[in-house]
Amino acid sequence: MKAISRKVITAIIIAAICISTINLLMVRKNFSFTNKDTEKKENRIILGFSQIGSESAWRSRNTQSIFEAAEENDIQILFKDAQQKQENQLKAIRSFIVYQVDVIAFVPIVEDGWDNVLEDAKDAGIPVILVDRHINADPSLYTAYIGENGIEEGKKAAEFICSKFKKPGQYTPGKTGSKISDKKEINILEISGTSNSSVTKERAGGFRQVLKDNKGFNILCSQDGDFLRSRGKEITENLIKSSLNDKAFKTDGLYWNGIKIDAVYSHNDSMTLGLLDTIKNYGINLESTVIVSIDGEQLCIDALKEGKLNCVVECNPNLGPMLMELVKKISVNEAIQKNSYIEESIFTENDDFSLYTPRGY
């Protein structure tokens, strides 16, 4: 084999050096680009958000609204679904603290048990926003609350029922054409939300405030439906099965211990839809029963238009824009209100349904 000439060896060495130099420049260029990209991301506000779950169309829309608003405002979200368990939320909030997010927001499942984790967030210098529900804790442990006014929602529901029964014995028929015989007392079934949640207490409290000023209205029974459609079905089915008369269910309405229920007040649409599912399955006629629900999901608005419900009090899930505005203000230490409530309306059987627009959830 012939020896390789010095010129060839020199050319090979030069070529190798050139290739190495080019590669090094490419690496430096890519590294520089990566650093700029990382710097851009690091300048974005990071929000740690814990949702309680996805138990209803309302809740899903609430989450979607927050993601949409975050994208519009170039805010990064670290998201945790608690799946209806407080322990999962506590873990999520602690993980946000470890990650050192800029702001923490969460929908508290229940009112109690947040003091320690919020103390940790305060010690870490991370502001906290309560979304949709209140808590029992020192107000200094959280920066703000945004959401619905549960007390006002409960009041609206009670005011509608009282307007239907102007006074015991005088029923005002709506478009459903239902009639009720004269009665000395109006008996109400309350299907309430999750026990020990602030919104449940507020909706119950506001409802009772109005009834207190309207004699003759009696909450016959209050059942915990946990804001779930399955519980609405279960509660209704138990009422039907307990109304046996000569081995047959009473089909002219719902009864509690033999007393006929004149009105149903449901704390959310999911439980109301569960009730409607069950009365349909059992062939129960509720034309003479006034039914009021809270939320404003499309399925319940449709049921209102069909005459299956009498009133739906809106609980607006679109909290995303409000939340992102607060997050941005907090991140630059701008003064904010402690409590902010979203605008909400009410839908009744007396409305012009042609004016309704799709709910989107």
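**Helices and strands.** I began with the secondary structure and found 10 helices and 18 strands in the protein. Both come from DSSP runs numbered from the N terminus, with helices (H or I) needing at least four residues and strands (E) at least two. I noted that this is a predicted model, where local features need pLDDT of at least 70, side-chain atom pairs count only at pLDDT 80 or more, and totals for chains, interfaces and linings use all residues. Residues are numbered from 1 along each chain as its sequence is written, and side-chain values use heavy atoms, with hydrogens and water left out.

Next I looked up burial: 47% of the 361 residues are buried. Buried means under 20% relative accessible area, exposed over 50%, and partly exposed in between (1.4 Å probe, protein chains only). The protein exposes about 18,400 Å², and carbon and sulfur atoms supply 51% of that area. The areas come from the Shrake-Rupley method with a 1.4 Å probe; for residues, only the protein chains shown count as cover.

**Contacts.** I then took the contacts (heavy atoms within 4.5 Å). Among those between residues at least 6 apart in sequence, 73% join residues at least 24 apart.

**Gln64.** Which helix holds Gln64? I found Gln64 in helix H2, residues 57-72. Gln64 counts as partly exposed because its relative accessibility is 39%.

**Cysteines.** I searched the whole structure for disulfides (cysteine sulfur atoms within 2.5 Å) and found zero. Cys300 counts as buried because its relative accessibility is 0%, and Cys315 is buried too, at 1%.
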